[in-house]
Amino acid sequence: MAEGDNRSTNLLAAETASLEEQLQGWGEVMLMADKILRWERAWFPPAIMGVVSLVFLTIYCLDPSVLSGVSCFVMFLCLADYLVPILAPRIFGSNKWTTEQQQRFHEICSNLVKTRRRAVGWWKRLFTLKEEKPKMYFMTMIISLAAVAWVGQQVHNLLLTYLIVTFLLLLPGLNQHGIISKYIGMAKREMNKLLKQKEKKNE
């Protein structure tokens, strides 16, 4: 058991180091994005919503085709991948890179690796469910996809995408400030009250 844990820890460290090396040119940008997403200043949340709203309003006004939208998005990624490593050191100044910043960059890369591992783990569990319990897998997939299709039919695609993107960008800050755990705790307390009331009525 200890050998397995050590092997997993070493593999995690190796993957994190590899990712750090790949994203070294994006270090300053990632640290700035991390500060924004974690709401280190009070005006960051409305700024995030404002920028996202402006981007989606532009898309709505231009109304590009799917092919044009995908092409522009990939082109933007290619330009960012080329320009950011060149411009970031000149804008932020690599000579100001501190031990604290390096540690935070390491934590970000470690979290990204763990997130990727969780995604792969869920994907493997899905295939395990398919092999071991094909009927449950089939019913789960059909019901889930039907629900998603129904939501997509009821809500405009662009509006739905806007809501999802906005929520995902606000999620790190919501977690950082304990807002999600607060409301989850409130929901649990209300559920416990309802269950207790139901038990008293049954008695």
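**Exercise 1: the nonpolar patch**

Find which residues make the nonpolar surface patch in this predicted model, and which helix gives the most to it.

*Solution.* Start with the members: Met32, Met75, Leu79, Tyr82, Leu83, Ile86, Leu87, Ile91 and Phe92 make a patch of about 850 Å². Now look for the main contributor. That's helix H4 (residues 66-93), with 8 residues. Take Ile91 as a test case: it sits in helix H4. Its relative accessibility is 63%, so Ile91 counts as exposed, since the cut-off for that label is over 50%.

**Exercise 2: aromatic pairs**

Work out how Trp43 and Phe44 are arranged, and whether each one is buried, partly exposed or exposed.

*Solution.* The model has 3 aromatic pairs. Next, check the cover: Trp43 has a relative accessible area of 48%, so it's partly exposed. Phe44, at 8%, counts as buried.

Now try another pair. Phe56 and Tyr162 are also edge-to-face, at 5.5 Å centre to centre and 75 degrees between planes. Phe56 belongs to helix H3 (residues 44-62) and Tyr162 to helix H7 (residues 157-176), so this pair ties together parts 106 residues apart in sequence. With 12% relative accessibility, Phe56 counts as buried.

**Exercise 3: listed regions**

Which residues does UniProt list as "transmembrane region", and how much helix is there over residues 136-153?

*Solution.* The unreviewed UniProt entry lists 42-60, 66-88, 136-153 and 159-180. Over residues 136-153 the chain is 100% helix, and the end C-alpha atoms are 25 Å apart. For residues 159-180, the helix share is 91% and the ends are 23 Å apart.

Methods:
Residues numbered from 1 in each chain as written. Predicted model: local features only at pLDDT ≥ 70, side-chain atom pairs only at ≥ 80, totals over all residues. Heavy atoms only, no water. Patch = residues over 30% accessible without salt bridge, like charges linked within 9 Å, V, L, I, M, F, W, Y side chains within 5 Å. Areas by Shrake-Rupley, 256 points an atom, 1.4 Å probe, with all protein chains shown as cover. Salt bridge = Lys/Arg side-chain N within 4 Å of Asp/Glu carboxyl O. Helix = DSSP H or I, 4+ residues; strand = E, 2+ residues; numbered from the N terminus. Buried < 20%, exposed > 50% of the residue type's maximum accessible area, 1.4 Å probe, protein only. UniProt positions renumbered as here; feature names shortened; annotations may be inferred. Phe/Tyr/Trp six-rings, centres within 6.5 Å; stacked < 30°, edge-to-face > 60°.
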